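Visitor: Could you walk me through a protein structure, one question at a time?
Guide: Gladly! Here it is.

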Amino acid sequence: MSALLEVADLHLAFGGVKAVDGLSFQVHEAEIVSVIGPNGAGKTSAFNCITGFYRATSGAITIDGTDVTRLRPSAVAARGVSRTFQNVRLFGDLPVLDNVRAGTHLWLRQHVFDALLHTPRYRRTEQVATDEAHRWLDFVGLRADRTGPARALPYGEQRRVEIARALARHPKLLLLDEPAAGLNHGEKLELLELIRRIRDLGIAIVLIEHDMGLVMEVSQRVVVLNFGKEIADGSPEAVRRDPAVIEAYLGSDDEPSGATGDEPAGQTGDEERSGATGDGGPSGQTGDGGPSGLTEERTADA
Ligand SMILES: Nc1ncnc2c1ncn2[C@@H]1O[C@H](COP(=O)(O)OP(=O)(O)OP(=O)(O)O)[C@@H](O)[C@H]1O
């Protein structure tokens with residue numbers, strides 16, 4: 001089966017800093033692949049290249065066989081790629097529902113003429129957008145009021161809205177950048193289940209995540225970066241026992257001590273770090289992914 005996403009020998013340099021240094025991996029339809037690595041390993045930079053926010057220095061990115069390496073974010077999105085951000089980016093003053101309705105505009109075409117005259121076609125299209133938004137908010141399990149401003153929602157609910165908006169674009173590929181950051185244990189379990197339900201829709205998912213309990217539980221494959229270089233690509237079990245991965249985590253300041261030698265970094269008993277599953281897998285670093293790092297830009301106007 002040909003790959004949905006193919007990243008081939010991707011390089012991205014900021015002056016002398018090689019943020020991404022020869023990354024290659026593939027993602028197939030309905031596959032869940034995690035990209036992990038210590039802080040500064042190049043994970044978000046790779047996401048930014050794939051989604052057109054950064055222009056790769058060299059290498060190629062293809063979606064369904066189409067080269068998107070030099071495309072702008074809107075053109076990449078139009079080819080079926082949606083993403084969420086490390087720091088939630090919603091239109092904070094807009095109602096929750098409108099934030100998700102905005103996601104439908106990628107495929108639901110409106111004509112200025114119809115909008116100006118409020119034609120029946122315009123009203124029908126608006127209704128489709130509203131129905132879609134409700135559908136996706138139901139899908140992600142939003143409990144909060146949908147009519148109030150997005151910024152009034154608790155953080156965990158804002159994350160759900162962001163995922164709902166990404167899904168409202170009808171993506172083939174969804175990139176989630178640290179979706180578990182700042183969530184409590186119960187919310188992480190719900191996220192785990194949500195990620196699987198998204199995959200069951202046939203959508204491929206690439207996940208950047210520091211919570212190793214979640215990563216090990218949900219991923220079919222794990223790609224590991226360190227200083228921009230890919231040091232492993234394999235099953236969760238293979239990766240957690242890979243000496244290069246263990247070395248990378250042990251050598252970084254990210255991980256708490258407690259690595260035992262057969263895991264990149266062992267659990268410390270800190271419940272917040274134990275991830276969605278608490279399976280004792282390698283520990284997620286908390287750093288800026290922990291609850292305390294979430295507050296800065298809870299709702300930024302995109
Ligand atoms: N816009 C930028 N300008 C200059 N350097 C950058 C920029 N973005 C990232 N970098 C550098 O590129 C490297 C990779 O950063 P990146 O944010 O991609 O890592 P990451 O693995 O996502 O880290 P984290 O887990 O902390 O989010 C780092 O050295 C970082 O300082």
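Visitor: Which residues does Ile203 touch, leaving out residues up to four places away in sequence?
Guide: Before we look, this is a predicted model, where local features need pLDDT of at least 70, side-chain atom pairs count only at pLDDT 80 or more, and totals for chains, interfaces and linings use all residues. Residues are numbered from 1 along each chain as its sequence is written. Two residues are in contact if their C-beta atoms, placed from the backbone, lie within 7 Å. By that rule, Ile203 touches Ala30, Pro171, Lys172, Leu174 and Ile198.

Visitor: Is Ile203 buried or exposed?
Guide: Let's count C-beta atoms: a residue is buried if 20 or more others lie within 10 Å of its own, exposed if 12 or fewer, and partly exposed in between, with C-beta atoms placed from the backbone. Ile203 sits in the loop between α7 and β8. It has 23 other C-beta atoms within 10 Å, so Ile203 is buried.

Visitor: How far apart are the C-alpha atoms of Ile203 and Ala13?
Guide: Along the chain, these two residues are 190 residues apart.

Visitor: What distance separates the end C-alpha atoms of helix α7?
Guide: Helices (H or I, at least four residues) and strands (E, at least two) are DSSP runs, numbered from the N terminus. The expected span of a helix is 1.5 Å times one less than its number of residues. For the 16 residues of α7 (residues 185-200), that should be 22 Å, which agrees with the distance in the model, 23 Å.

Visitor: Which residues of α7 are buried?
Guide: What covers the buried residues includes β3 (32-36), α6 (155-168), β7 (173-177), β8 (204-208) and α8 (212-218). The buried residues of α7 are Glu187, Lys188, Leu191, Ile195 and Ile198. They lie on the same side of α7, because the directions from the helix axis to their C-beta atoms cover an arc of only 100 degrees.

Visitor: What is the order of the strands in the open sheet of six?
Guide: Two strands pair if DSSP finds at least two bridges between them. Strand β9 (residues 221-226), for instance, is joined to β10 by five bridges, and the two run antiparallel. Across the whole sheet the pairing is mixed, and the order is β6-β7-β8-β3-β9-β10.

Visitor: Which strands stand at the edges of the sheet of four?
Guide: This open sheet has antiparallel pairing and the order β2-β1-β4-β5. Inside it, β1 (residues 5-14) and β4 (residues 58-63) pair over five bridges, and Glu6 has Thr62 as its bridge partner in β4. Two strands have a single partner each, so one side of each is left without a neighbour in the sheet: β2 (17-27) and β5 (66-67).

Visitor: Which element supplies the largest share of the shell around the ligand?
Guide: The residues around the ligand include Phe14, Val17, Gly37, Lys43, Thr44 and Ser45. Both β2 and α1 (43-50) supply at least two residues of that shell. The largest share, three residues, comes from α1.

How values were computed: A residue is near a molecule or strand if its C-beta atom, placed from the backbone, lies within 6 Å of it.
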